[in-house]
Amino acid sequence: MKQDFPTFGGHRPDTDTREIAFDCRFFLGDRPCVWHKTTGVLCTCDQYQKVEQRLLIIKLDAMGDVLRTTALLPALAEAHPRAAITWVTRRESRALLERNPYVTEVLNYGEDALVQLQARTFDRVINLDAGKTSSGLATLTKAAQKDGFILDPRGCVQPTNAAARKWLEMGLFDDLKRQGTRTYQDLMLEIVGLRGAPHRYVLELTEDERARGRMHLEQRGVNFSRLVIGLNTGAGRRWPLKQWRADGYLELIERLANRHHAQFVLLGGPEEHERHQRLIAGSQVPLVDSGCDNPVRHFAAIVAACNLVVAGDTLAMHLSLSLGRRTIVLFGPTSAAEIEMYGLGEKVLPQMECLACYKNACDFVPNCMDLITTDMVEAAVDRQISMISQLPKRVEQPFQLVETRE
């Protein structure tokens, strides 16, 4: 059957023109779909998936938040089985959504997204950011249903339902934030009306990407017959208080090295370069610097090659959990309750009433991260190592110096 073409300005395409499945999930418009390109099939082929609803997700900041928001996708796909999901995010987060089986298209925030959102209509818009930019995008987009946050004519962010109102209040009032006991995923699922639905991170690395991550570490001296512990020692620029003491990491490394015959891989981004160099210089145990300029998917593959990851509340933490790695997370100024561990590890935090303050600087000496002792982290590492189902072969000889490369 021929496709029923729309008419514009009274013009109707010639009835002999080739059928185009405009309503197929794989339709791109400006280029062949993946199935025509790879196999040469024509519309409508056996891969045809009719789109009956169009959903828009707006999640711009930050990369870790984008990744943990992917946990909502399985529930949304189940609730909207014939929907095409479009996701608007910043360019740096786009790679985290590549090959995601639930996302039909990703729009980079900018002129391209603005033009498209003004021209298109969606059945549902989900904006989980209480920021003015993302709320403004949600307001501009034409949709029958909007969940999360929009921008009113005064320029004030407004929640669209009671659950969004609770999340907005938690962001505005520190006492409510500290009282929170639910995970981010649970809170967001309630905003979209799917409270209690199963959820999980969705990050798809190919076997080739994983192999390149392992090769990267092998080239820097890692021996995968031994336990590999990744240490994400920094915290980026926005929340410097999230990082643990350098001397704490050095003491932890020295304690664990011979007892577990582990190798230690330093994980981080450009902000951690100098910190890594100081740790390498101050450590009596050889450390492997994985580099601080790895593209995010390659960085994820390096994380995936570790048996265990110790991190603060960072992107590396989210990557580790999304890839099924045993993970130990050190908490202080951000909410430990909001992080879902999925049974993959444990949280280490001190006893202080002012935790989850979300401050960039602190007047307390020692501060919350200083009060996390090496004993606390070491005990957590020991427990998690005992839970790793397939440990590398235990090698009893002492370490040899591992040459690291910039």
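1. Across the whole structure, a search finds 24 salt bridges, each being a side-chain nitrogen of Lys or Arg within 4 Å of a carboxyl oxygen of Asp or Glu. Side chains of opposite charge can pair when their charged atoms come close. The model is a predicted one, in which local features need pLDDT of at least 70 and side-chain atom pairs count only at pLDDT 80 or more, while totals for chains, interfaces and linings use all residues. Residues are numbered from 1 along each chain as its sequence is written, and side-chain values use heavy atoms, with hydrogens and water left out.

2. One of these salt bridges joins Arg-31 to Asp-30, with the closest N and O atoms 2.6 Å apart. Both Arg-31 and Asp-30 are exposed, where exposed stands for over 50% relative accessible area, buried for under 20% and partly exposed for what lies in between, with a 1.4 Å probe and protein chains only.

3. A salt bridge also brings together the side chains of Glu-105 and Arg-120, at 2.5 Å from N to O. This pair links distant parts of the chain, since Glu-105 lies in strand β3 and Arg-120 in the loop between α4 and β4, 15 residues apart. Helices (H or I, at least four residues) and strands (E, at least two) are DSSP runs, numbered from the N terminus. Glu-105 counts as partly exposed because its relative accessibility is 24%.

4. Arg-124 and Asp-147 meet through their side chains in a salt bridge of 2.6 Å, N to O. Here too the pair links distant parts of the chain, with Arg-124 in strand β4 and Asp-147 in strand β5 (residues 142–151), 23 residues apart. Arg-124 is buried, at a relative accessible area of 6%, and Asp-147 is buried as well, at 9%. Elsewhere, salt bridges that share partners join Glu-251, Arg-255, Arg-259, Asp-375, Glu-378 and Asp-382 into one network.

5. The second largest pocket holds about 750 Å³ of space. On a 1 Å grid over the protein atoms alone, a pocket is an open set of points with protein on both sides within 12 Å along at least five of seven lines, a cavity is a set where a 1.4 Å probe fits but cannot get out, and lining residues have an atom within 4 Å of a point. Grid points are joined across faces, edges and corners, and a volume is the space filled by probe spheres set on the points.

6. The lining of this second largest pocket comprises 26 residues, and Arg-25, Phe-27, Leu-28, Thr-104 and Glu-105 lie nearest its centre. At least two lining residues come from each of β1 (53–58), β2 (83–89), β3 (105–108), α4 (111–119) and β4 (121–127), with β3 giving the most, three residues.

7. Of cavities of 30 Å³ or more, the search of the whole structure finds two, and the second largest cavity contains about 30 Å³ of space. Ala-163, Lys-166, Trp-167, Arg-182, Leu-187 and Glu-190 line the second largest cavity. α6 (162–172) and α8 (184–191) each supply at least two residues of this lining, and α6 gives the most, with three.

8. Phe-22, in the segment before α1 (34–39), counts as partly exposed because its relative accessibility is 32%.
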